[in-house]
Amino acid sequence: MSLVLPSELVVDRFLPTVRAMLATRLAERGLTQQEIATNLGVTQAAVSKYISGDGGGDDRFREHPETVATVDRLANGLSSEEMDGYDALSELLALVHSLVDRGPICELHEEEMPGLQGLGCDLCVRGLDSDVRAERDVLASVRTAARTLAAIPEMVSYVPNVGTNVGMALPDPYDKTDIAAIPGRIYAMGRRIEIPANPEFGASKHVATAILAANDTDQAIRGATNIATDDALLETARELGLDPLEFDAEYENRGDHLRSRFDERGGVPPVAYHRGAFGIEPTTYVFGVDAGAATERVRTLVTESSESQFSSPT
């Protein structure tokens, strides 16, 4: 992954755009090209290019409402001399800070560094603190886990009609906004698995409910994925010593019901399942200490179950 600093994008893409916008507006307000050059700290030749439209830039900034509003304020202030260089610099720095915070500069940065996509990167704004690191690690874990599921050849047979998902909690989660999962769930499309988007916090309801219940019982459990309930797979789990736990399918108070069943069991089982109900598809949850551990457990169950069925005499 190439290393690109956001400040490089500010210099190469943002600054030429704003200078061109500001030069045009100052010219419209009657300033000469030399006066504009003095205000902008560039040559008169550069101002001529800006005004003629040859100064380059990026339309994302030209069309951005906050950028347009800031440039208009600067043009009015500088042309009337109600604003000096210090005031103009303050306005521009505030604008840059805003555009870095999930704005066009952040968007450009993710294009230049694709590895940042889906991580909810706020590094430029918040710095690298423990909370940011934890969020980043969770998002990366879920993204890798989703790809792991998609790479399991037999997985398409175990994706429920409503889709599957993989989720992971931040340490000490409070509600579903502390659980990262795939928005829109993961679906089987023919013989392949489709991951519709990068993981986000708050993107899951049902997997998040199961993770929260599990984490309340055992703080070490922070990951889970759901698959279709399958008798052969459950038998494989028993053969592997995972001892699946059955629970009621009804959605009402599912979190409380799961906590109760886990307490009765004396801990969180590796596998928990229900047989479905009216309008509710049979679902199995596979738990792990993180998203990766949960999906690796799914890989083992799905692969060995499929091999067992294939090798069984008919």
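Predicted model: local features only at pLDDT ≥ 70, side-chain atom pairs only at ≥ 80, totals over all residues.
Rings of Phe, Tyr and Trp (its six-membered ring) count as a pair if their centres lie within 6.5 Å; planes under 30 degrees apart are stacked, over 60 edge-to-face and the rest tilted. Residues are numbered from 1 along each chain as its sequence is written, and side-chain values use heavy atoms, with hydrogens and water left out.

**An aromatic pair**
- Phe14 and Phe61 have ring centres 5.4 Å apart and planes at 80°, so they sit edge-to-face.
- Phe14 belongs to helix α1 and Phe61 to helix α4 (residues 59-62), so the pair ties together parts 47 residues apart in sequence. Helices here are DSSP runs (H or I, at least four residues), numbered from the N terminus.

**α5 against α6**
- α5 and α6 pack at about 180°, with axes 10 Å apart; axes are lines fitted to C-alpha atoms over the stretch in contact, and angles run from 0 to 180 degrees between N-to-C directions.
- The two helices are therefore roughly antiparallel (angles over 145 degrees).
- On the α5 side, the contact (heavy atoms within 4.5 Å) uses Glu66, Thr67, Thr70, Arg73, Leu74 and Leu78.
- From α6 come Ala88, Glu91, Leu92, Leu95, Ser98 and Leu99.

**Ser306**
- Ser306 lies in helix α13 (residues 291-311).
- Leaving aside neighbours within four places in sequence, Ser306 touches Glu154 and Tyr158.

Terms used
Parallel < 35°, antiparallel > 145°, perpendicular 65-115°, else oblique.
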